Amino acid sequence: MAKKKTSFICSNCSYITPKWLGRCPECGEWNTLEEKDETVIPKDNHRLFLSSPEAVFSHINKISSSDCERINSGYRELDRILGGGIVKGSYNLISGHPGVGKSTLMLQAALEISKKSSVLYVSAEESASQIKIRFDRLSGRKNCGELYLSNENNLDKLRNRLEQEQFNFLFIDSIQTVYSPAIPGIPGSVSQIKECAVKMLETAKRKGITVFVIGHVTKTGSIAGPMLLEHMVDSVLLFEGDPTLGYRVLRCSKNRFGTTDEIGIFTMSSNGLQEVANPSQFFLSENEKATSGTALALILEGSRPFLIEIQSLTTSSNLPQPRRVVSGVDGGRLAMITAVLEKRSDFFFSNFDIFVNVVGGLKLKTPSIDLPVAASLLSSILNISLPMNSAFVGELGLGGEIRDVPGMEIMIKEGARLGLKKIFAPKGRIKLKKSEKAEIIETSTIFDLIENIRSMNIFES
Ligand code: TYD
Ligand code: MG
């Protein structure tokens with residue numbers, strides 16, 4: 001009798017090899033190759049799923065852009081990140097560390113959306129009664145609209161029901177817990193995530209369902225599973241925030257229907273997530289009294305300007321290599337700022353330990369914080385307190401010049417609105433109205449900044 005032909009298939013990523021190997025060459029996992037009869041190995045998991053019988057070519061002018069209909073989620077922060085509402089029929093992925101509030105945010109959005117559309121919330125992670133307890137907390141036990149819950153984690157059963165019923169919205173909590181019985185691998189393995197995401201997309205697009213999928217993150221913070229997931233979806237939302245800090249930041253790393261610059265800020269309360277309409281209040285310390293080393297910075301996140309506080313501490317060091325400890329600011333950027341200060345003026349930081357912190361734990365990448373960081377370093381090393389009604393904004397060049405940054409006007413106007421008296425900014429065209437009480441202090445070079453700080457003679461005792 002002829003021997004049955006077998007192959008080895010990786011239970012993690014579905015890689016197929018004729019020979020047994022200890023480690024899968026595709027995903028790098030050990031001992032995941034299992035011997036299978038070739039007849040049972042699925043040949044084609046990635047067939048094209050949205051094709052019509054004939055290829056259709058349409059002239060670009062004939063395609064209507066009004067197809068992109070948007071629906072309000074009931075949360076302005078979420079709508080803004082998505083580019084002005086949830087695009088009907090879109091496939092969205094939301095990811096974040098455990099406990100950050102992904103399920104809470106999605107359930108809150110589902111609750112609001114269900115007032116106008118029919119919603120199915122699939123949670124394979126929590127039981128229906130657990131979700132109900134959370135739901136009661138979030139809704140204040142008020143009745144909601146068309147919201148249905150399911151604990152089903154079998155993809156095929158879910159798709160069958162979705163084919164029979166008409167839902168407008170589908171939430172999956174999470175993609176790592178649903179599985180397809182058609183392919184090998186445990187739920188959450190690369191091959192399972194791929195299969196579930198692709199098949200769900202197929203059903204959703206055909207039925208016109210808008211989908212939100214929750215995805216776990218790995219230890220390093222990236223989205224667990226294949227990169228395919230991020231390529232496939234229309235938007236990737238990242239929910240970040242240290243649960244010990246009171247607030248959470250929602251960012252967008254991919255958006256087919258808008259920009260990725262916007263951020264949304266929420267706080268976690270006993271009744272779920274609350275939106276933060278005025279972020280400046282969150283990123284300022286409660287300390288009204290000015291202390292040396294503290295500088296206010298105007299920043300722009302997406303289209304939203306706000307005020308944050310940067311603190312620096314410079315202390316003499318006995319270490320051969322003085323410490324540079326930064327939180328919220330890029331270490332390379334700090335090295336550049338100290339290098340410019342050393343080269344262009346008579347400050348020496350090489351004998352000092354430097355600690356820089358952004359109050360509230362926000363992580364900043366924008367170059368507009370160069371000037372406030374330099375101001376806080378100078379304030380600390382000179383032991384001069386900067387007035388708390390002044391803020392700084394500008395990028396520092398290697399020649400010591402302070403440069404304009406995009407969105408300068410929006411930031412300055414917001415500073416004036418928040419009641420700042422002085423805004424230190426590079427020479428620009430921006431003029432404030434008489435009604436706006438703030439004064440723009442032209443700071444074109446690092447020398448202007450040093451001179452200005454030296455003239456602030458509020459010395460600390
Ligand atoms: P959860 O949304 O389950 O996080 P994730 O799905 O991202 O893992 O919940 C996050 C945390 O928020 C949880 O530890 C409890 C807390 N929480 C509140 O403080 N208030 C609330 O109203 C809810 C629903 C949760
Ligand atoms: Mg959860």
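User: A polar contact is a pair of N or O atoms within 3.5 Å, and within protein one must be able to donate a hydrogen and the other to accept it, while residues adjacent in sequence count only if both atoms are side-chain atoms; how far is Gly101 from an oxygen atom of ligand 1?

Analyst: In this predicted model, where local features need pLDDT of at least 70, side-chain atom pairs need pLDDT 80 or more, and totals for chains, interfaces and linings use all residues, a backbone N or O atom of Gly101 lies 3.0 Å from that oxygen. Residues are numbered from 1 along each chain as written, chains are lettered from A and ligands numbered from 1 in written order, and side-chain values use heavy atoms, without hydrogens and water.

User: Which residues are closest to ligand 1?

Analyst: The shell holds 15 residues, with Gly99, Ser103, Thr104, Ser269 and Gly272 the closest, where a residue is near if one of its heavy atoms lies within 4 Å. Ser269 also places a backbone N or O atom 2.7 Å from a nitrogen atom of the ligand.

User: And what about the side chain of Arg134?

Analyst: An N or O atom in the side chain of Arg134 is 3.0 Å from an oxygen atom of ligand 1.
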